[in-house]
Amino acid sequence: MDWGKVKFFLGEVLRNFTRNAGMQATAIGTVAITIILLGAFLFVRATLAGLGNDILSQIEVSAYFTSDATPHQEAQVRAALGRDARIASVEFVSKKRGLAELREQTHGSIDTSLLTENPLPDKLRVKVVDPSEVPAVAASIQKMDGVANVVFPQTVVARLLALGGVLRRVGIGVIVTFLVVAGIIISNTIRLTVFARRREISIMQLVGATNMYIRAPFICEGMLDGVLGSLIALVALVFARLWLWPKLLLALPWIQLNATSVNGPMLSLELVAVGAAIGALASWISVGRHLRT
Amino acid sequence: MISLRGVSLIYPNGVRALDGVSLEIAKGDFLFLVGHSGTGKSSLLRLLYHEQVPTSGEIIVDGIRVDRLKHGRIPALRRHLGVVFQDYKLLTDKTVWENVAFAMQVTGAHTKDVMRQVPRALDLVGLAHKSRMFPSELSGGEQQRTAIARALVNNPKILLCDEPTGNLDPANTTEIMELLLRINLKGTTVVVATHNQAVVDRMRRRVVRLEDGKVVTDEERGYYYLGLGQGQILSG
Ligand SMILES: Nc1ncnc2c1ncn2[C@@H]1O[C@H](COP(=O)(O)OP(=O)(O)O)[C@@H](O)[C@H]1O
Ligand SMILES: [Mg+2]
C-alpha cells in the first residue's frame with residue numbers, strides 16, 4: 001500500500017471539497033431533502049402497502065355448491081383446488097355448519113328454528129396466496145362442475161389492488177423526479193469545482209494523466225456530497241420514525257398501521273447507497289462533459 | 001525522434017496555420033523554431049503533443065504515430081514529452097516541490113519514485129533551496145525553472161518550449177537558455193519556439209524558420225535571419 005498516493009489523493013478531494021463550501025452545502029442540503037422525501041415516501045408506501053396486504057390476506061373466497069352437487073363432485077372440486085399453487089388453504093363448510101355459523105353471527109336475531117329445512121348449500125372457504133390473484137382464482141372456481149356461484153368482497157379487492165397500482169406508479173414517478181433533481185444540483189456543484197480547477201485539469205492532461213485519474217477526485221467529491229446528504233437525511237428520518245410516528249399513531253387510533261413491515265437498517269443502507277450513487281453519477285457526467293471539450 | 005511529413009493544419013475558423021510542413025528532428029537535437037507572431041510555431045508544437053490534430057500529413061514522435069493516435073493513448077504520448085510555456089502554468093496554491101511532484105502524482109507514480117525524482121529535477125534547475133516556496137514568492141526566471149523541472153521530472157526524451165523566455169528579462173532569459181542547453185547536453189531533444197532574435201543569434205543552433213505556416217529555411221548553426229547575425233542586420 002502506497003500511503004503517499006492515498007494521502008495525495010485524499011488531499012486533492014478535500015481541497016476540491018472545501019474550495020466552494022457554499023455550493024457544497026447546497027448540494028448536501030438538496031441530497032438531504034431528496035433522501036428525506038424519498039425515505040418518508042418509501043416508509044409511507046410500505047406502511048400503506050402493508051395495511052392493504054393485511055386486509056387482502058384476510059379476504060376469503062366463498063364457493064357455493066349447487067344444491068344438487070354430488071359428494072363426488074364436491075370432492076373433485078376440493079382436490080382440484082388443493083392442487084392449485086395459487087391457493088393457500090381450502091376449508092369445507094357443510095350446510096349444517098354453515099347454519100350454525102349463521103346462527104352465531106346473527107346472535108339469534110333470525111329465528112332459525114322456524115326453518116323446516118336447511119336452505120344453505122355446502123360451500124368452500126378459500127384463501128388465496130397472492131391477493132391480486134383473487135379475481136382470477138374466483139373465476140376459475142366458478143367454471144368447475146357443481147359450483148353454483150363464487151363470492152368475494154369484489155369492490156374491496158378491486159380498490160385495494162388499484163391503490164397498490166397507483167402507489168407503485170406514483171412512487172416511481174416521485175422517486176425518479178427526486179433523483180433527477182438531486183443529480184442536476186450535484187452535477188452543477190461539481191461543474192463549479194471543475195471550472196475552479198480547470199487549470200489543474202489542463203496541467204494534468206498536459207503531463208499525461210489519464211481521464212480516469214482526472215475524474216477520480218471529482219467522483220469522490222460527488223459521492224461525499226451524496227453520502228453526507230443522506231446521512232443527514234437518515235438522522236432526520238430516524239428522529240421522525242422514533243418520535244413523530246408514535247404520536248401520529250396515537251392521533252389516528254382507528255387506523256391499524258403496522259410500521260414493522262419496513263426494514264429500517266436495510267432502508268437506511270439503501271438510502272445512503274442511493275445518495276452515493278447519484279453523487280458519483282452526477283459528477284461522472286459533469287467531468288466527462290468538461291474532458292470532452 | 002520527431003518527424004513531420006507534409007503536415008497541414010487548418011483551424012475550424014478556416015485559418016491555415018501550417019501548410020505542408022516537413023521536418024526531421026534527430027535524437028539529441030537542439031532546435032529553434034522562429035518566425036513572426038502568427039506564423040504557426042505554437043500550432044506546430046501543439047501538434048506534437050496532440051493538443052491539435054493535423055488536417056493532413058504524418059507526425060511521428062518517439063516512434064508514436066501522433067496524427068492517428070487514439071484518444072486513450074494521448075496520456076502515454078504526453079509522458080514521453082515535457083512541455084514548457086511562456087506563462088509557466090504553475091499551480092499557485094502549491095509549493096515548488098508540490099508543483100513538480102504533481103506531474104508524477106497525477107500519472108500514478110509511486111511515492112518512493114516521487115521522493116527520488118523531484119529533488120533531482122529541482123537540483124537540475126537549481127531550485128532545491130526554494131522547494132517550499134510558492135510561485136508568487138519567486139522571480140519569473142525561477143517560476144520558469146520550476147515549470148522546466150516539472151516538465152523534466154518524468155524523464156521525457158523530448159522537451160518542447162513555447163516562448164519560454166517571452167516574459168523574462170535578458171538576465172533571466174540567459175539563465176533559462178543555459179539551463180535548456182544543459183538539459184540538451186544530457187541527451188534530451190529540445191525544441192524551442194521563440195521570436196527572441198538575440199537568444200537565437202547567440203546560441204548558434206539549428207534554426208527552422210516558419211513563414212505563413214511554411215518552413216522557409218532550415219540551417220544548422222543558424223541565425224534568426226537567414227545567414228545573418230544580429231549586427232549585420234542592424235548595420236544593413
Ligand atoms: N485555436 C485556434 N483557432 C483558430 N485559429 C488559431 C488558433 N490558434 C492559432 N490560430 C491561428 O493560427 C495561426 C498560427 O498561430 P500560432 O500557431 O499561435 O502562431 P505563433 O505561435 O507562431 O504565433 C494564427 O493566424 C492564429 O491566429
Ligand atoms: Mg505562439
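**Conventions.** I number residues from 1 along each chain as its sequence is written, letter chains from A and number ligands from 1 in the order in which they are written. As the model is predicted, local features need pLDDT of at least 70, side-chain atom pairs count only at pLDDT 80 or more, and totals for chains, interfaces and linings use all residues; side-chain values use heavy atoms, with hydrogens and water left out.

**Ligand 1.** I looked up the shell first. It holds 13 residues, and the closest are B:Gly38, B:Gly40, B:Lys41, B:Ser42 and B:Ser43 (near means that a heavy atom of the residue lies within 4 Å). I sorted the shell into three nonpolar, eight polar and two charged residues (nonpolar: Ala, Val, Leu, Ile, Met, Phe, Trp, Tyr, Cys and Pro; charged: Asp, Glu, Lys and Arg; polar: the others, Gly among them). Helix α1 (residues 41-48) of chain B gives the most to this shell, with four residues (helices are DSSP runs of H or I, at least four residues, and strands are runs of E, at least two, numbered from the N terminus).

I then listed polar contacts (pairs of N or O atoms within 3.5 Å). A polar side-chain atom of B:Ser42 lies 2.7 Å from an oxygen atom of ligand 1. For B:Gly40, a backbone N or O atom lies 3.0 Å from an oxygen atom of the ligand. B:Tyr11 places a polar side-chain atom 3.4 Å from a nitrogen atom of ligand 1. Taken alone the ligand exposes 550 Å², and the protein buries 66% of that (Shrake-Rupley method, 1.4 Å probe).

**Helix α4(B).** I checked the span of residues 111-124: these 14 residues reach 20 Å from first C-alpha to last, close to the 20 Å expected at 1.5 Å a residue (1.5 Å times one less than the number of residues). I found B:Asp113, B:Val114, B:Gln117, B:Val118, B:Ala121, B:Leu122 and B:Leu124 buried (under 20% relative accessible area; exposed is over 50%, partly exposed in between; 1.4 Å probe, protein chains only). Down the axis of α4(B) the buried residues fall within an arc of 150°, so they line one face (the arc is that of directions from the helix axis to the C-beta atoms). The face turned away carries the exposed residues B:Lys112, B:Met115, B:Arg120 and B:Asp123.

**Positive phi.** I noted B:Tyr88, a residue other than glycine with phi near 65°. B:Tyr88 sits in the loop between β6 (81-85) and α3 (96-105), and is buried at a relative accessible area of 10%. B:Asp212 also has a positive phi, near 50°. I place B:Asp212 in the loop between β9 (206-211) and β10 (214-219); B:Asp212 is exposed, at 63%.

How values were computed: Polar contact = N/O pair within 3.5 Å; in protein donor to acceptor, adjacent residues only side chain to side chain.
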